[in-house]
Amino acid sequence: MLEAKSTNSLESAFEANEKKTLAFYLKWVFFGRPARIILLIIFLLAIILPIFYIAMTSLKEPIEIRTSGALLPRGEITTVNWVKAFANVPLLRYLLNSTVVALVSTILVLIVAVPTTYSIIRFNTGGWFFPAWILGTYVMPPIVVSIPIFAMVKMVQLQNTLAGLILVHTMANLPIAVWLIDSYIRAIPKELEQAAWIDGYSKFETLARVVVPLIRPGVLATGVITLILSWNEFLFALILTYGVKSNTFPIGISRYIGEHGLQFGEMSAAALAGIVPIYILVFLSSRNLVEGLTRGGVKG
Amino acid sequence: MACVELRNVWKIYGGEVEAVIDASWECQDGEFFSILGPSGCGKSSTLRMIAGLEEISRGEILFNDQVVNKLPPSSRNIAMVFENWALYPNLTVYENIAFPLRVRKMPKDEIDRKVKEAAEFLNLTPILNSGVRHLSGGEMQSVSIGRAIVREPAVLIMDEPISHLDAGLRARMRDELKKQVERLHVTTLYITHDQVESMAMADRIAIMNLGEIQQVGTPLDIYYHPRNDFVGGFIGEPPMNFIFCELLQEGDQLFIVTPAFRMQLDDEGKPQFQRYSGSSKLKLGIRPEDVRVRLQPLPNSITLVTDFVEPQGDRTIISLRLNDSDILLAQVLGSLRPDVGQPVYVTFDQRHMHFFDIETGLNIKNLE
């Protein structure tokens, strides 16, 4: 709503502006409707072209992939890459592993992040240090902690299990979840919670029954983001899992690098198979995602 | 039903900011008690301590002679109407009003009866099933009152409940609110920065400034007998005039002398000085309606020049020039409209002249 309004007012400002000064034209060139459309097209191409190229590659004969760099297949369209991709590598198992890890770790992240953030904001838990520390762990490169993490996971005998990876992903995605949920909770008027206390809710009930329903779009948007992060995660998956049993999709896809060289066609088919679930998820939740990411919360 | 008592209550933030300083007052059972003061005077902190939303730094708060310092808000049997109404935006009007009853696990049919009763009382029946997001300000306010009264609290706390409404609606809601609260016979604490609201609605008012209680009394008591210059200046519109003056005794005559005029105190103005023995330098406070303006000279009148005239129809507000920087406001009948620059003759209603100590600001009537 807000977005639309500001766009309209910009538009009408251009129409209403009678003095066609240089500043006006400059503004129009950079921020006017044609400029926005061109920008949008550039962005869309940047995102769609690689995916389209992968899709086309997955439909080319293996020999053609090696000999021609053309975007569209020249010879016949074939499904051989798709069949081989699933036959040569346990792709479905990898996808299933990834789904379990991403879903469970996201649920855990949300269960921990919502009360943590609420407590930090409303009860000043941990003073200034705790929130700063959380943000600090977020900006730290994960490779720095890869060895200690490996040691810890091994200590609790969870190496090469989905559970181990779930725990590590939960930990890794907590900071960003806290950081995202922060703004949603801040947008809720404090009085709403105080009204609930006076009306008879405990602090925990207030969080669960008043705050959470109000920040639901934001929590869902955060969930989608951590789900994608977990789905894409490579480093921890690489060092913590080493078998079909627990390898996730990003690790599994490297299996197409075989003795006979890179299987580009199969790899493209597999990559596409891994992208599709995420696209469906984002498509289904796009309304919530946009609402959650733009609106930030509720006005009282 | 309950009476509320504050005994030497302090609120200190972070060990140094004193938001409420040694507040002591008592509000009777069923009384409409207003806490009035400019923003930042500590009235909201006071109320939040009474509601249990904030800890009491020092002192005691009692409901019906029971100390409630350690009780959580839900156990104090209070209800609160917030400045921004704090309605649950994802619930309907019905669900908002039913909320405190549902939390308390009341039987369904009893909830239904009580909600409908409250809705009837507040004329909310036609919109019971609509969401609260798109209600008008007045309707939201009614819903929040409905939520507050539905479980028959011992104390109803209202924190600037109508200051978000526009002026016309505010005047109407003032009457409406007063009537509703009267019918409920519930002890009401009403917090506001608007003296008009307090004067119109409250049985008694506590005026606060800079964390300290300035005066507690009935509206008229506060109006006619301000304890200090702050109370005098805060209550009344247009505000009280303050003029620095010196008291001069000649025989048994008393005069007040300012750089702009010298005026003899008559039998109505003199009595308050009978037992006065303090400094002769004082601050004179006189309300604009107690300044009398004539176009012909009167005995003991002073001559001032008209600086500005504000006709309001039924009355005229005249600014009179005392000197280069100070003016004296007078509120007179609408038929009197002197020209700008015209000299006029001014007397004061000496019964309503207030004299304040320059250092402490206290009304000399309070000094022994």
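Select Asp65(B) in this predicted model: Asp65(B) sits in the loop that joins strand 4 (58-63) to strand 5 (66-67) of chain B. Its phi is near 65°, a positive value in a residue other than glycine. Most residues other than glycine have a negative phi, and most peptide bonds are trans. Asp65(B) counts as exposed, because its relative accessibility is 58%.

Next, select Trp85(B), in the loop between strand 6 (78-81) and helix 2 (93-103) of chain B. Here too phi is positive in a residue other than glycine, near 70°. Is Trp85(B) buried or exposed? With a relative accessible area of 9%, Trp85(B) is buried.

Now go to the loop between helix 8 (229-234) and strand 11 (241-250) of chain B, where Pro238(B) is found. The peptide bond running from Glu237(B) to Pro238(B) is cis, and its omega is near -5°.

Then colour chain B by its assigned domains: domain 1 (4-226) and domain 2 (241-366). The C-alpha centres of these two domains of chain B are 39 Å apart. In chain B, five residues of domain 1 contact eight residues of domain 2. Between them, about 470 Å² is buried, with 45% of that area from carbon and sulfur atoms. Select Tyr223(B), Tyr224(B) and Pro226(B): they supply 92% of the area that domain 1 of chain B buries against domain 2 of chain B, more than any other three residues. On the side of domain 1 of chain B that touches domain 2, four residues are nonpolar, one is polar and none is charged.

Last, look across this interface in chain B for polar pairs: three residue pairs are in polar contact between domain 1 and domain 2, while the count of salt bridges between these domains is zero.

Definitions and conventions. Residues numbered from 1 in each chain as written. Chains lettered and ligands numbered in written order. Predicted model: local features only at pLDDT ≥ 70, side-chain atom pairs only at ≥ 80, totals over all residues. Heavy atoms only, no water. Domains from an automatic or database assignment. Contact = heavy atoms within 4.5 Å. Buried area = accessible area lost by both parts, 1.4 Å probe. Salt bridge = Lys/Arg side-chain N within 4 Å of Asp/Glu carboxyl O. Polar contact = N/O pair within 3.5 Å; in protein donor to acceptor, adjacent residues only side chain to side chain. Nonpolar A, V, L, I, M, F, W, Y, C, P; charged D, E, K, R; others polar. Helix = DSSP H or I, 4+ residues; strand = E, 2+ residues; numbered from the N terminus. Buried < 20%, exposed > 50% of the residue type's maximum accessible area, 1.4 Å probe, protein only.
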